[in-house]
Amino acid sequence: MTMIKACLNGNRRPGDHPALPVTPLELAEAAREAREAGADAVHMHPRDATGRESLSAVHIGAAVRTVRQACPGFPVGVSTGLWITGGDVEARREAVQGWAELEPRDRPDFASVNLAEEGFSDLWQDLRRLGVGVEAGVWSVDDADALAATGLECLRVLVEIIGGSADTSVSRAHAVLARLDHLGVPGPRLLHGEEAPAWILVDEAGQLGLATRIGLEDVLHSPVGDPVDGNAELVRLARARLT
């Protein structure tokens, strides 16, 4: 079966959707429901007490620990998006290095690292030293080139079609996938989009036999444009399209 990763909240603001999970308990419940709906892994953006995204060991550890208690054995991943530290590369690296204070069981199984962001190589090495797998976020052909140049291997290559027209989303995805193949970049691919291209690329991933993801981070509506109750409904809809 096609792997589906549930992306629970992303950088959406509290209130963007009634079911958007923010606290560790909300993330754990959303993860449990997504797993029951057919998700194979979960990706989340832990928050601080004010609802802002955080890479602090305190907030990462609390979210991962609570999700693991609710979903034993369920692979758990987080973002390392540079925007979380306001574009401060050193602050991001320091925060991630702080995960060393956490017990290994309270560290995520994997973290996404965006090749378009400054400092990705050092961050990648820090995560590997922590025993955290790396998902390489590839948004463009240039990112594919940057990934190939590192010679680093990753848990998954995330082909992420961010922004742009839905009409060109498939062609842009194929351009990135072709470049990765041409360069011999190792690692399984996961294909997804955000907003308008989201469902188009879920379907395309299914056609290509690639992993995909869905959740409130990527889209707030069904394939026909109807509002959805939350992450679990999105996962059920995606699973139905991929079986």
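In the predicted model described here, the side chains of Arg129 and Asp126 meet in a salt bridge with an N to O distance of 2.6 Å; a salt bridge is counted when a side-chain nitrogen of Lys or Arg lies within 4 Å of a carboxyl oxygen of Asp or Glu. This is a predicted model, in which local features need pLDDT of at least 70 and side-chain atom pairs count only at pLDDT 80 or more, while totals for chains, interfaces and linings use all residues. Residues are numbered from 1 along each chain as its sequence is written, and side-chain values use heavy atoms, with hydrogens and water left out.

Arg129 and Asp126 both sit in helix 4 (residues 120–129), 3 residues apart, or about one turn of the helix; helices (H or I, at least four residues) and strands (E, at least two) are DSSP runs numbered from the N terminus. Arg129 is exposed because its relative accessible area is 61%, whereas Asp126, at 4%, counts as buried. Here buried means under 20% relative accessible area, exposed over 50%, and partly exposed in between (1.4 Å probe, protein chains only).

By this rule the salt bridges number 20. Another of them joins the side chains of Glu135 and Lys5 at 2.8 Å, N to O. Glu135 belongs to strand 5 (residues 133–138) and Lys5 to strand 1 (residues 4–7), so this pair ties together parts that are 130 residues apart in sequence. Both Glu135 and Lys5 are buried.

A further salt bridge connects Asp145 and Arg179 through their side chains (2.7 Å, N to O). This pair links distant parts of the chain, with Asp145 in helix 5 (residues 141–150) and Arg179 in helix 6 (residues 169–182), 34 residues apart. Asp145 is partly exposed at 28% relative accessible area, and Arg179 is partly exposed at 29%. Salt bridges that share partners also join Glu160, Glu194, Arg213, Glu217 and Asp218 into one network.

Turning to the surface, Trp83, Trp139 and Ile162 form a nonpolar patch with about 270 Å² of accessible area together. Patches consist of residues with over 30% relative accessible area and no salt bridge, with nonpolar side chains (Val, Leu, Ile, Met, Phe, Trp, Tyr) joined within 5 Å and like charges within 9 Å; accessible areas come from the Shrake-Rupley method with a 1.4 Å probe, and for residues only the protein chains shown count as cover. Trp83 is found in the loop between strand 3 and helix 3 and is partly exposed, at 38%.

Overall, the protein has 8 helices and 8 strands, and buried residues make up 52% of its 243 residues.
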